[in-house]
Amino acid sequence: MKSFVAFLGGLCLLLTSPLSAQRQPAFVVMSSPAAIEHLAATPREIPVRERLFTAEAQSYKAALRAEKLPLVARMQQRGIQVDWQIETVLNAVLVQATEEELAWLRTQPGVATAEFAPQFHVHLDKIGRAHV
């Protein structure tokens with residue numbers, strides 16, 4: 001699970017605006033289980049992967065998004081940039097935030113954790129010439 005969170009953090013870093021001196025990409029993980037966890041906890045004859053595309057899963061994801069709505073509104077009122085909301089594999093909000101804003105987010109109801117996204121750096125050792 002931690003490696004997936006790190007992957008999401010890196011993806012957030014790559015797909016969001018350039019970092020400023022203060023704000024950095026971060027993720028706010030909610031305490032309610034993600035859709036895949038919810039579906040796995042309620043076994044049925046149909047495999048979880050197939051159930052992700054059913055009305056049951058869509059309804060649960062919509063309920064998770066509605067549950068996050070008050071928090072997202074409070075974040076936006078405080079000037080925190082909300083980039084994405086995800087519900088399928090991880091129930092989280094991807095944001096641009098400062099350390100102080102993350103400290104505030106950690107105190108909010110329904111928040112399990114709020115952390116800066118890890119930074120990934122691509123290293124290129126050599127550039128070869130293309131031979132035509």
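**Close-up views**

**View 1. Arg-51 forms a salt bridge with Glu-56, their closest N and O atoms lying 3.1 Å apart.** A salt bridge here is a side-chain nitrogen of Lys or Arg within 4 Å of a carboxyl oxygen of Asp or Glu. The model is a predicted one, in which local features need a pLDDT of at least 70 and side-chain atom pairs count only at pLDDT 80 or more, while totals for chains, interfaces and linings use all residues. Residues are numbered from 1 along each chain as its sequence is written, and side-chain values use heavy atoms, with hydrogens and water left out. Buried stands for under 20% relative accessible area, exposed for over 50%, and partly exposed for values in between (1.4 Å probe, protein chains only). Arg-51 and Glu-56 also belong, together with Arg-44, to a network of salt bridges, and the structure holds seven salt bridges.

**View 2. The chain as a whole contains five helices and four strands.** Helices (H or I, at least four residues) and strands (E, at least two) are DSSP runs, numbered from the N terminus, and from that end the elements follow the order α-β-α-α-α-β-β-α-β. Of the 132 residues in the chain, 36% are buried. Among the contacts in the chain with a separation of 6 or more, 64% are made by residues 24 or more positions apart, a contact meaning heavy atoms within 4.5 Å. The chain exposes about 8500 Å², of which carbon and sulfur atoms supply 59%; such areas come from the Shrake-Rupley method with a 1.4 Å probe, and for residues only the protein chains shown count as cover.

**View 3. Helix H5, which spans residues 99-106, has Glu-101, Leu-102, Trp-104 and Leu-105 as buried residues.** These residues lie on the same side of H5 because they cover an arc of only 160° around the axis, the arc being that of the directions from the helix axis to the C-beta atoms. The buried residues of H5 pack against strand S1 (24-30), helix H4 (55-77), strand S3 (92-97) and strand S4 (111-116).

**View 4. Arg-106 takes part in salt bridges with Glu-99 and with Glu-115.** The N to O distance is 3.5 Å in the bridge to Glu-99 and 3.7 Å in the bridge to Glu-115. Arg-106 is partly exposed, at 33% relative accessibility. Glu-99 likewise counts as partly exposed, at 41%, and Glu-115 is partly exposed with a relative accessible area of 33%.

**View 5. Ile-80 sits in the loop between H4 and S2 and is buried, with a relative accessible area of 2%.** Not counting residues up to four places away in sequence, Ile-80 touches Arg-23, Met-75, Val-95, Gln-96, Ala-97, Glu-101, Trp-104 and Leu-105. One of these, Ala-97, is 17 residues away from Ile-80 in sequence, while the two are 5.9 Å apart in space, C-alpha to C-alpha. Ile-80 is also named, with Val-28, Met-75, Val-95 and Leu-105, among the residues that have the most contacts inside the largest nonpolar core, a set of 15 residues. Two or more residues of this core come from each of S1, H4, S3, H5 and S4. Apart from it lies another core, of six residues, including Val-29, Leu-90, Ala-92 and Ala-117. A nonpolar core is a set of buried Ala, Val, Leu, Ile, Met, Phe, Trp, Tyr and Cys residues joined through side-chain atoms within 4.5 Å.

**View 6. Asn-91 is found in the loop between strand S2 (81-86) and S3.** At 2% relative accessibility, Asn-91 counts as buried. The side chains of Asn-91 and Lys-68 are joined by a polar contact of 3.2 Å, a polar contact being a pair of N or O atoms within 3.5 Å; within protein, one must be able to donate a hydrogen and the other to accept it, and residues adjacent in sequence count only if both atoms are side-chain atoms. Leaving aside neighbours within four places in sequence, the residues in contact with Asn-91 include Val-28, Val-29, Met-30, Leu-64 and Ile-86.

**View 7. Val-72, a residue of helix H4, is buried at 5% relative accessibility.** Beyond its neighbours within four places in sequence, Val-72 is in contact with Val-82, Gln-85 and Val-93. Val-72 and Val-93 are 21 residues apart in sequence and 8.2 Å apart in space, C-alpha to C-alpha.
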